[in-house]
Amino acid sequence: MTSPTSSTPELPAPAPSRRFLAWEVILVLGLSLGRSAIYAILQLAERLSLAPLSEQSATVHSSRSRHELFDLTYQLLDSLFALVPVALVIYLFLLHGTNPFRRFGLDLRRPGRDLGIGLGLFVLIGAGTLVIYLAGRTAGMTMEIVPSDVTEHWWTTPALLLAAVRHALVEEVIMIAYLFDRARRLWPALASSSSRVSPMWWVIAAAALLRGAYHLYQGFGPGVGNALMGLIFGAVYLRYGRVMPLVIAHFLLDAVAFLAFPLVLQLTGMSGLIGG
């Protein structure tokens, strides 16, 4: 005899309301990059009150302890906890019956094209970043950037590469894939508009401004540079609908910055121009 519960069909999860989605976006940003933007703006204001930006430095990735084992533990925990908002986004999509990896294009269905676009973006953004950094340092609007001052140990390179993966996933999954999807659901007209210029460009611009804001702790130059990066990445995502190329490009940018930034400056002849 079949029990009543075993024969009862499972009901599909109801579609989230626009109010639910709006609060969801606020909470996700409050736990991740929105919070970072507020702190970065406050840090910039504090730095401006202390001394000219050209006389200061900003470190992106620092050692957390003088003890090697504790430093390694902190580095690993920092990366793991920073990825929690990404896991939350994935969970929220799965909860409502959507495969986020396919929806975002965060998979290996098109490895060749993803890698090609990612490498192209890496070269374009990397070259532009150096130019903007040089201009900002020359104008006194950018601090000396120290990508990493983690003490050299056997685990330093893997830990920095993990940090590069973390930055790439957090920023591109949340700032591009997640926000763009939620924007289309909050304002359906964005997806259905027949205008020659997609109204999604308003979303791209807003996301780019937020991206620039949470880099302002480095000065105005990196803020502007990252905002421009956000515009380019948003346009690429709007064109191809896949976040994987952006993750690849961002990972390469951070990996080179963490592991070889001084060498890059020396090879490009910029080290003597921007030294603190």
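**Reading a predicted helical protein**

Me: Is Phe 81 buried or exposed, and why?

Reply: Let's start with the cut-off: a residue counts as exposed when over 50% of its relative area is accessible. Phe 81 has 59% relative accessibility, so this residue counts as exposed. You will find Phe 81 in helix α4.

Me: How should I think about directions along a helix?

Reply: An α-helix has 3.6 residues a turn, so residues three or four places apart point the same way. Now look at α7, where the buried residues include Asp 114, Ile 117, Gly 118, Leu 121 and Ile 125.

Me: What span should helix α7 have, and what does the model show?

Reply: Helix α7 (residues 111-138) has 28 residues, so at 1.5 Å a residue it should span 40 Å. Its end C-alpha atoms are 40 Å apart, which agrees. Just after α7, Gly 140 takes a positive phi of about 75°.

Me: How many helices and strands does the whole protein have?

Reply: There are 13 helices and two strands. Of the 276 residues, 42% are buried.

Me: What confidence does the model carry?

Reply: Remember, this is a predicted model. The average pLDDT is 88, and 86% of the residues score at least 70. Take care with residues 271-276, where the pLDDT is below 50.

Key:
Residues numbered from 1 in each chain as written. Predicted model: local features only at pLDDT ≥ 70, side-chain atom pairs only at ≥ 80, totals over all residues. Heavy atoms only, no water. Helix = DSSP H or I, 4+ residues; strand = E, 2+ residues; numbered from the N terminus. Buried < 20%, exposed > 50% of the residue type's maximum accessible area, 1.4 Å probe, protein only. pLDDT = per-residue confidence, 0-100. Contact = heavy atoms within 4.5 Å. Expected span 1.5 Å × (residues − 1).
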